[in-house]
Amino acid sequence: MTQPFEKVRALTGMKDILPHESAAWESLEEIVREWLALYGYRNMRTPVLEHTRLFARGIGEVTDIVEKEMYSFRDSLNGEQLTMRPEFTAGMVRATIEHNLLYDRPQRVYCMGPVFRHERPQRGRYRQFHQIDVEALGFTGPDVDAELIVMLARLWQQLGLKDVRLELNSLGQADERAAHRQALVEHLEKHIDVLDEEARRRMHTNPLRVLDTKNPAMQEMADSAPRLFDFLGAESRAHFDGVCTRLQEAGIEYRLNPRLVRGLDYYNLTVFEWVTDRLGAQGTVCGGGRYDGLLELLGGKPAPAVGFAIGMERLLDLWQQSGELPAAVECDVYMVHQGEEAQRKASLLAEELRNVGLRVVVHAGSTGFKSQFKRADASGATVALIIGQDELTSGQVSVKWLRRQDDEARPQQETLPFGDVAETLKTRM
Ligand code: ATP
Ligand code: MG
């Protein structure tokens, strides 16, 4: 006798995207691909699994992701230490180095797909989530930094998003950060009594990240800390001003946020985030910046780079709120029929309609007209075509408009000769 099987559920924080939700995902992906093509970005697809040390090095040992969020395991077949990608940048940079993509020209590339982080699930925070990751490799900026931001503003506008704000900062260069770091560590030491355990642990390894805290008890200490922005030299300031000037010329508003650090050691110069109050606690839709040191850090020839990652779940949530999300429609035409001969005729006619690009569902299953019309309505189809004995005899299909395409005063119900249906519907829809 077979053992009863205990139902298996999806893993915590890992969501199924169901048919009624996937239309929004597919529309978004299509819009995103076209938007990226407008700026000359090309798709790149890197593996979900990479060597753990790629992320440890590329993201930084002393970061939330590497310290506690990675899905890592030992490959039982060869003992290698592997990690499910928690972000795209490290893998994209690895691929760029491995395939020598920068040998004769810079590259504009993007990836889109799932990433994995072991976090506490809540609205806007999952363990498998999706990112659109865009990287401009081999450009020194500030023109490309500004272009990336302008590009994002276009996407928000195209999606009809409201209330997304840009926060901007500059992290300067390594020597400027070193000078600031010394002042910052002194400040942290002076306020050691308000630091939480994590902050104490990080104050000597990654003090900037301490300022990125969400702990309310540490806000005052963070607010009064020396600002990296004040340590920037002339060149770094000029780069930052170059970005700001271009944003102003493009009519994009921003706020200088000296607390914005994005924590990682290799980030330099421009960093930015797009934030909103419409998503509850997880208000960052997109984060990015310049990371001129990363290619060299990962064993490549030194080359500048700048990029960003968008969280797709948060973007979809916002898009939904904008009210401009397209409706999830199963088909354009739903075919209702009665009797075997009519069913066969319907199937053949459906192929003709598909030849002109219409999306068609031929009813299958229960036979009653009433239940067929119910299904037709639920499918979101614009029109139902009806074939019964009368239609077979007259050679005319009955057409029932379920949703109007225009305001033209057309009868809700009409008949069309079999041979004309495809062309007529094509021009009217
Ligand atoms: P947060 O401060 O929210 O943890 P982060 O700095 O870890 O964000 P990034 O690594 O910059 O985030 O990732 C880029 C974007 O991916 C974020 O701005 C956000 O929109 C999205 N994101 C990050 N973590 C998650 C998650 N666990 N679930 C869903 N989306 C996420
Ligand atoms: Mg995080």
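Strands β7 and β9 (residues 268–275) pair in the antiparallel sense, joined by six bridges. Helices (H or I, at least four residues) and strands (E, at least two) are runs assigned by DSSP and numbered from the N terminus, and two strands pair if DSSP finds at least two bridges between them. Before we go on, note that this is a predicted model in which local features need pLDDT of at least 70 and side-chain atom pairs count only at pLDDT 80 or more, while totals for chains, interfaces and linings use all residues. Residues are numbered from 1 along each chain as its sequence is written, chains are lettered from A and ligands numbered from 1 in the order in which they are written, and side-chain values use heavy atoms, with hydrogens and water left out.

**Strand β7 and its partners**

Look for N169, which stands opposite V271 in β9. β7 also has a link to strand β8 (residues 255–256): these two run parallel and share two bridges. Here L168 has L256 of β8 as its bridge partner. Is β7, at residues 165–170, mostly covered or uncovered? Five of its six residues are buried, so to speak under cover; buried means under 20% relative accessible area, exposed over 50%, and partly exposed in between (1.4 Å probe, protein chains only).

**Around ligand 1**

Now turn to ligand 1, which has 15 residues around it, with R117, E119, R125, R262 and T284 coming nearest. A residue counts as near if one of its heavy atoms lies within 4 Å. The shell divides into five nonpolar, four polar and six charged residues. Ala, Val, Leu, Ile, Met, Phe, Trp, Tyr, Cys and Pro count as nonpolar, Asp, Glu, Lys and Arg as charged, and the others, Gly among them, as polar. β10 gives the most to this shell, with three residues.

The table lists pairs of N or O atoms within 3.5 Å, the cut-off for a polar contact.

| Protein atom (N or O) | Ligand 1 atom | Distance |
|---|---|---|
| Y126, backbone | nitrogen | 2.9 Å |
| K214, side chain | oxygen | 3.3 Å |
| R314, side chain | oxygen | 3.4 Å |

On its own, ligand 1 has 590 Å² of accessible area (Shrake-Rupley method, 1.4 Å probe), and the protein covers 87% of that.

**A residue in a loop**

Finally, find T46 in the loop between β1 (42–43) and β2 (49–51). Why does T46 count as buried? Because its relative accessible area is 12%. T46 touches R85, F88, G91, M92, R94, A95 and C111, leaving aside residues up to four places away in sequence; contact means heavy atoms within 4.5 Å. T46 and A95 are 49 residues apart in sequence, yet 7.4 Å apart in space, C-alpha to C-alpha.

Terms used:
Polar contact = N/O pair within 3.5 Å; in protein donor to acceptor, adjacent residues only side chain to side chain.
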